[in-house]
Every structure is written in C-alpha cells, then in structure tokens.
Amino acid sequence: MAEKKKQNLFLSRFQTELLLVGILIVLFLFFGVKSPVFLKVDTLMKLLKQASIYGIIAIGMTFVITSSGIDLSVGSVIGLSGIVVSMCMVRGVPVIVSILIAIGASMLVGLFNGVLVHNAKVPPFIATMASMTVVRNVILLMTGAKTISNLPQSFTAFASGSMLGIPNMFLTWLAIIILGIFITGRTVFGRNIYAYGSNKESARLSGINISSTVYGVYIFSAIVCGIAGILMAARLGNGVPTSGDGYELDAIAASVVGGASLDGGEGSVIGTVLGAMIMATLRQGGILLGINSFIMEIIIGSLIAIAVVIDKMRKSR
C-alpha cells in the first residue's frame, strides 16, 4: 500500500511538472511573438537573473510548505542579510567574512522560527509573521531607515558577472536547486519532511526526530533567503533596508504554482523552479508589452488561487 501511494505521488508530481513545462513553453511562444526582443539573449539573461532571487527563496519556502508550515519572514530575512553584509563591509570586514556573518544572522531567525513553532507551539503563520515584523523593524533601527552605499566593487561585480555566458546569479540558484534535489531525494532529513508534512502523528509514532525536522526546514529557508539577500545587495550595489519587502508572497506563489500543497506532504524542487520561471516570465513579458503591473499581479494572484483549488479538488477525489 505504501509503495502504491509513493508511485501515485510520483506520477502526480510528474504530471504537474509536465503541465508547468507546457505552460512555460506557451508563455515563451506568446511573448516571443508579441515582443521582438523577448527571445533575445540580453532579455533572457535578465529573465534568469530576475527568476534567480524568487527561485532561491521559493526553494526554501517549498521545504517549509511541504512540512505543512509557512514562512512569512523570508522577505525580512532577505533585508536583514543584505544590510548585515553591507554594514560589515563598509566597516572594513573582509567580503567572505561579511557574507558568513550575514548568513549566520539569517540562521538565527530561522532557529527562532523553529523554536516558536516546535517548542512554543505557535502556529507557523503567526510565528513567522511575528518574526517578519520584528526583523524588519530591527533593520530599520540598525540603519535609521537609510541605504548603505559604497560597497566594495569586488562584491558588487559578482551579481553582474557571468561564467561561460551564464549569469552568476543563475549559477548560484542552480547550485541551490541541485542541493535541494539532493536533500529531498537522497537524505533522511528530506524523507522526514514529507513524512512529517503528510501526517504529524504518524511521523512521531515512527520515531522521526520532529525537532530537527522543524528546526531544519526553517533554518534552511533562512539560509537560502540570506543568500538571496546578499545577491540582492550585490545586484543593487547598496544595502537597502526595505529590500525583500513582499517577497514572501512571490515565494509562496512559486511554490504553490509549482505543485506544493499547503496541506503539507507534497512539493518538489523542480516544480518550484518551473513555478518561479513562470512568475518571472509573466513579469518580464508584461513589462515588455507595457501591461499594467496591477493587471499582472491580478493574473499571478489568480494563478495561486487556481493552483490551490486544483490541489483541493485532486485530494477530494
């Protein structure tokens, strides 16, 4: 029975990913026909850079959602890591050390979320909303709501650079994609995320280490958001206190459109990658065609609702 359920889950995931590939191809064809510059190399490279930030945080969000949680603090963690790395560097701390400090600060937020959810039994929505508010205002206090500029050129050059014609930002996302696939498919921790998200009581009775699973998903989410925040600071060339604001919605959207179930137990890194690419393609294509940004947000919001409805209908069969 368990093997059959596993096979059905794999088939359902494959069908979802195949559908997403089809949607992405249709979008590329549509925008390619409507805009003569959409399929040009410069536009596609810009698209990959845009998708990279959303895609990185969405992978972390997928881990959390698969465990039947939610992380509303991701945007604030992006802002925190960007500010911390910027403040360190302008004070003369070496770039690598500054990056490690920023990731460490991000991990603390993830650990705090895990403690609230697992130990204090605070619902994930409330726990991470509290973190979102606290961290964002800590950032504003740290900076006086002012942008931190004069970052080292060696730091900012990474975001605009490339290797073999492929943007460094996309290569960073690709590394996290590979890591995410390895964790979910080849590690005990990855299997525990699905088991815990599917049925918490059964996971406990099976002897799964619940605390390490809950801490792990929130810390992983915070780490990848920290990386995204560092990349954003490098791309902007400044530490911006409001950076990452609202990105939690984009991360949830990419995950849900990619097949992650808000009920937990289902989600895939590949699906999330495709979801992030669909989101970025819609935004990039909308800009090129001069479509009102409010209309694009309505379309993206509708996609989220449709994805959730389809998931509910599928589960009710």
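Author: One term before we start: a contact means heavy atoms within 4.5 Å. Also, this is a predicted model.
Reader: OK. What share of the contacts with a separation of 6 or more comes from residues 24 or more positions apart?
Author: In the protein chain, such residues account for 80% of those contacts.
Reader: And which helices and strands do we have, by count?
Author: The protein chain has 13 helices and 2 strands.
Reader: How does the radius of gyration fit a compact globule?
Author: It agrees. A compact globule of 317 residues would have a radius of gyration near 20 Å, and the protein chain has 19 Å. The C-alpha trace spans about 60 × 50 × 35 Å along its principal axes.
Reader: How much of the chain is buried?
Author: Of the 317 residues, 50% count as buried. The accessible surface comes to about 15,000 Å², and 69% of that belongs to carbon and sulfur atoms.
Reader: What about charges? How many positive and negative side chains?
Author: There are 22 positive and 12 negative ones. The centres of the two sets lie 3 Å apart.
Reader: Let's pick a helix. What span should α4 have?
Author: Helix α4 runs over residues 95–119, which is 25 residues. At 1.5 Å a residue it should span 36 Å. Its end C-alpha atoms are 36 Å apart, so the two values agree.
Reader: Which residues of α4 are buried?
Author: Among them are S98, A102, I103, G110, N113 and H118.
Reader: What do the buried ones pack against?
Author: Three helices: α3 (74–90), α5 (124–143) and α10 (210–236).
Reader: And what comes just after α4?
Author: K121 takes a positive phi of about 60° there. A120 is in the loop between α4 and α5.
Reader: Why does A120 count as partly exposed?
Author: Its relative accessibility is 46%.
Reader: How far is A120 from F220 in space?
Author: They are 20 Å apart, C-alpha to C-alpha, and 100 residues apart in sequence.
Reader: Back to α3. Is G79 buried or exposed?
Author: G79, in helix α3, is at 0% relative accessibility, so it counts as buried.
Reader: What does G79 touch?
Author: Leaving out residues up to four places away in sequence, G79 touches R136, I139 and S243.
Reader: And where is G286 relative to G79?
Author: G286 is 26 Å from G79, C-alpha to C-alpha. In sequence the two are 207 residues apart.

Conventions
Residues numbered from 1 in each chain as written. Predicted model: local features only at pLDDT ≥ 70, side-chain atom pairs only at ≥ 80, totals over all residues. Heavy atoms only, no water. Helix = DSSP H or I, 4+ residues; strand = E, 2+ residues; numbered from the N terminus. Expected span 1.5 Å × (residues − 1). Buried < 20%, exposed > 50% of the residue type's maximum accessible area, 1.4 Å probe, protein only. Rg over C-alpha atoms; globule rule 2.2 N^0.38 Å. Areas by Shrake-Rupley, 256 points an atom, 1.4 Å probe, with all protein chains shown as cover. Lys, Arg positive; Asp, Glu negative; His and termini not counted. Charge placed at Lys NZ, Arg CZ, Asp CG, Glu CD.
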